[in-house]
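Good morning, everyone, and thank you for coming.

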Amino acid sequence: MTTAELAESRPVLKPAKPARSARPLVKHKRAILLFLAPFGVLFALFYLLPIGYAVYQSLLVVQRDGTFGPPVEVFGGLTQYVAVFQNEAFWASVGRVLLFGVVQVPVMLGFALVLALLLDSPLVKGKKFFRLAYFVPYAVPGVIAAIMWGYLYSPNLSPFTALTGSFEFLSPQFVLWAIANVVTWVYVGYNMLIIYSSLLAIPSEIYEAAKLDGASQLQIALRIKIPLVVPAITLTAIFSIIGTLQLLAEPQVFRSFTSSVSSTFTPNMAVYATSAVPNVNLAAAMSVVLALATFAMSFAFLKFTQRKADA
Amino acid sequence: MSRTAAMIVMLVSTVYFLLPVWWLFTSASKTREQFGNTNGLVFGDFNLFQNIGQLFAYNDGIYLRWMLNSVLYAGAGALIGTVISAMCGYALAKYRFPGRELIFNVVLGGVLVPATALALPLFLIFSQVGATNTFWSVFLPSLVNPFGVYLARIYASASVPDELLEAARIDGSGEVRTFFTVARRLMTPALVTIFLFQFVAIWNNFFLPLIMLRDESLFPVTLGLYTWNSQVNQIPEIRTYVIIGAFVSIIPLVIAFLSLQRFWQSGLGSGSLK
């Protein structure tokens with residue numbers, strides 16, 4: 001092949017005329033669609049559709065023609081929401097998880113932060129071992145963790161009967177904190193690792209100046225490290241808030257160890273118990289209220305910490 | 001803070017985190033009589049393998065079936081879930097198109113909606129089409145992982161350079177092929193992280209199977225052990241199986257985490273990066 005032939009076989013490069021259409025040109029349209037479609041379809045079917053359907057169901061009420069007529073679902077406006085707001089068991093459960101969250105989330109994250117800072121400090125040897133040891137409980141599902149602790153709390157089967165025989169961990173006054181301990185046990189290591197990886201990402205030169213100025217490890221931790229890992233702590237806090245409001249497996253398991261846990265102990269248990277009645281429309285309204293409350297709380301927390309960080 | 005004080009905090013914490021697991025190990029290896037009348041933290045006769053044999057044989061091997069179900073729900077679910085999250089996150093990070101921010105914000109909103117709030121409406125939808133109490137009723141909803149999309153997008157923006165994609169285009173590689181060869185390799189730490197955490201989320205999932213499934217043979221191991229544990233008062237001998245079953249069920253996850261740690265530890269930090 002001669003150079004002339006080669007030049008001829010090539011498409012002639014013309015200066016491309018810019019296509020002046022109303023919309024900007026999107027390159028690789030088909031590839032983008034292909035990438036987005038699988039997640040998009042599943043997200044629509046199993047996330048958006050259920051939310052919409054729950055809202056729809058929550059607006060219906062069941063009516064009967066006379067006492068013995070067949071039940072018919074008719075539009076009832078906000079009737080179910082009024083019923084949710086008047087449902088004392090539901091609000092008691094919401095109050096319970098809020099109390100749980102106000103105490104357990106700061107304790108757990110504080111614990112996780114302390115362990116992460118210690119792991120990141122030069123004071124501790126055997127970091128690799130501790131990191132993994134703390135993370136092991138995360139591999140234990142909530143149901144299994146609750147079963148284990150159920151036995152550990154038990155007055156006669158626990159290895160700590162000296163303690164559990166004299167103090168009733170599963171009594172009505174204390175069972176909420178017994179559950180808080182299970183949740184803390186499972187999630188401290190996970191949260192610690194998120195904070196720790198964010199500590200590792202801080203370049204060490206930042207500390208050098210502080211050390212030269214004679215700052216102690218504690219001062220470095222408080223003044224430099226903690227402010228820099230605030231985004232990581234925010235992330236763990238949001239997930240913890242979401243998790244708290246969703247609390248279900250641990251208390252549900254504890255029902256077979258103690259009668260202190262009612263069938264409507266947490267909002268999700270109330271949803272489950274109500275749907276089993278069956279009062280599906282009321283349960284749907286509860287689900288919607290719960291989802292909105294969770295969304296609002298985590299969103300508000302996110303905005304609040306962002307504003308603080310900007311200020 | 002002194003070195004000694006720091007080490008004391010670390011060691012006491014280690015005891016707190018590991019002692020319950022140690023108790024489970026010793027208890028799972030005891031005979032039924034010893035479980036009630038020996039100290040919970042020391043070994044009795046080492047009966048672990050006989051116990052596991054009995055557990056696997058009990059009730060026509062229903063426990064093995066549950067483990068298999070869990071592996072299938074969590075393993076296949078997390079694998080497919082990771083691929084579709086990664087594709088979506090990658091597209092959101094690496095292409096410009098109208099509606100990109102809107103899609104990302106909707107997905108982010110999805111992160112904040114609790115999955116359990118979806119369990120009941122999902123049940124209602126599946127019962128509309130007569131598909132409750134099926135494998136798919138638990139499997140399909142588990143595939144959706146908005147946080148995976150978020151992680152994939154952040155990681156793809158940071159670790160897949162545009163120049164490399166341009167170079168692949170000049171070499172004549174199609175967009176999809178570039179993703180599955182070049183981008184996939186660069187995103188590996190994020191992908192392993194997404195896979196592992198989705199695996200754990202599905203493995204731990206309780207509400208959805210609780211509300212969807214009636215047929216014991218479809219249960220994941222968590223739901224199976226839960227039902228056994230709630231029967232302990234009626235069938236006392238089942239307690240041994242609950243303990244051994246709990247012990248056996250956590251082994252796969254512990255192994256998965258330990259063997260893949262160098263991947264997920266580097267990927268974990270990327271979620272909180274700004």
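Let me start with a term: a residue is called buried here when its relative accessible area is under 20%, and exposed when that area is over 50%, with partly exposed lying in between. Please also keep in mind that what you see is a predicted model. With that definition in hand, we can say that, of the 311 residues in chain A, buried ones make up 50%.

Staying with chain A, its secondary structure consists of 14 helices and 2 strands. How does its radius of gyration stand against the globule rule? For 311 residues the rule gives 19 Å, whereas chain A comes out at 28 Å, well over that value, so the chain is more spread out than a compact globule. Along the principal axes, the C-alpha trace of chain A spans about 95 × 75 × 45 Å. If we take the contacts in chain A between residues at least 6 apart in sequence, 63% of them join residues that are at least 24 apart. The accessible surface of this chain is about 15,900 Å², and carbon and sulfur atoms account for 66% of it.

Now let me turn to where the chains meet. The size of an interface is often given as the accessible area lost when the parts come together. Here chain A and chain B bury about 8,500 Å² between them, with 79% of it on carbon and sulfur atoms. On the chain B side, the residues that lose the most area to chain A are Met10(B), Phe17(B) and Leu112(B), which together make up 9% of what that side buries. The contact involves 86 residues from chain A and 99 residues from chain B.

Finally, consider Trp22(B), which sits in helix H1 (residues 3-28) of chain B. Is Trp22(B) buried, partly exposed or exposed? With a relative accessible area of 36%, Trp22(B) is partly exposed, because that value falls between the limits of 20% and 50%. Beyond its neighbours within four places in sequence, Trp22(B) is in contact with Leu41(B) and Phe43(B). Leu41(B) lies 19 residues from Trp22(B) in sequence, yet their C-alpha atoms are 7.1 Å apart in space.

Note on methods:
Residues numbered from 1 in each chain as written. Chains lettered and ligands numbered in written order. Predicted model: local features only at pLDDT ≥ 70, side-chain atom pairs only at ≥ 80, totals over all residues. Heavy atoms only, no water. Helix = DSSP H or I, 4+ residues; strand = E, 2+ residues; numbered from the N terminus. Rg over C-alpha atoms; globule rule 2.2 N^0.38 Å. Buried < 20%, exposed > 50% of the residue type's maximum accessible area, 1.4 Å probe, protein only. Contact = heavy atoms within 4.5 Å. Areas by Shrake-Rupley, 256 points an atom, 1.4 Å probe, with all protein chains shown as cover. Buried area = accessible area lost by both parts, 1.4 Å probe.
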